[in-house]
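Welcome! Open your viewer, get ready to select residues by number, and follow along stop by stop.

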Amino acid sequence: MRTWTTRAVPAAVGALALTAALTGCNDSATGKAKSTGTPEADGKATNARTVYRLGEASPPQESGMTRSKGSTFTVTPVKVETGTKADVEKSGVKLDKSDGPQVPVYVTVKYAHESGKAMLLGDMDDDLVVRTSANQRTKALLVILGQATWPNCPAPDTEKQLGAGQSETVCTAFLIPASQTPAAVELTQGYYKPPLEWPVKN
């Protein structure tokens, strides 16, 4: 299950949903790979790539969950599509009017278990974020009660377990302001490492 450490906005009526927006600034998406220096114990710095093209896998990520501690997996955003306000109206999700018009962003992602204990699919997608053209960051829509439905984006089975060598490709829905566009998919890596990002060409 996803855990939320940022502000959540509950739905007012119908299927209850929570979304979390992460605020902050980031480099604009250029589509070019960039590097960041990481200090090492010997005082030298190594360059770690942080920008990828859609379809490129992340470096192995280590599970932070107690039940699968030490397991590794990769994340590969494959496709990003923007839906319409009509999609939201037909989905069964009702959001607070103060949020203004929203549109869904459908992100197709491949999760691959690399090593260690089996992992829940829901534990692999917990750190995925969509960054918008206005540098607003939003986590995936989490339906608490009821089930939202989106065209061509069925809800993933977050309780499915993957063992080493197994992978699953799923679609996840995010909500962003209708006046903005998705600029990048990001994978957060905690407070001390920059996120990995996959720029989106609109």
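Start by selecting His113 and its surroundings. Leaving aside residues up to four places away in sequence, His113 touches Ser71, Thr72, Phe73, Ala118, Met119, Met124, Leu162, Gly163, Ala164, Gly165 and Gln166; contact here means heavy atoms within 4.5 Å.

Before moving on, a word on what you are looking at. This is a predicted model, where local features need pLDDT of at least 70, side-chain atom pairs count only at pLDDT 80 or more, and totals for chains, interfaces and linings use all residues. Residues are numbered from 1 along each chain as its sequence is written, and side-chain values use heavy atoms, with hydrogens and water left out.

Now color strand 7 (residues 102-115), where you will find His113. Strands are DSSP runs of E, at least two residues, numbered from the N terminus. Is His113 buried or exposed? Its relative accessibility is 2%, so His113 counts as buried (buried means under 20% relative accessible area, exposed over 50%, partly exposed in between, with a 1.4 Å probe and protein chains only).

Next, show the backbone of Ser115 and Lys117. The His113 side chain reaches the backbone oxygen of Lys117 at 2.5 Å, and the backbone nitrogen of Ser115 at 3.5 Å.

For the last stop, select Cys153 and Cys171. Their sulfur atoms sit 2.0 Å apart and form a disulfide, a pair of cysteine sulfur atoms within 2.5 Å. Cys153 is in the loop between strand 11 (142-145) and strand 12 (161-162), and Cys171 is in strand 13 (residues 167-177), so the bond ties together parts 18 residues apart in sequence. Cys153 is buried at 3% relative accessibility, and Cys171 is buried at 10%.

Note on methods:
Helices (H or I, at least four residues) and strands (E, at least two) are DSSP runs, numbered from the N terminus. A polar contact is a pair of N or O atoms within 3.5 Å; within protein, one must be able to donate a hydrogen and the other to accept it, and residues adjacent in sequence count only if both atoms are side-chain atoms.
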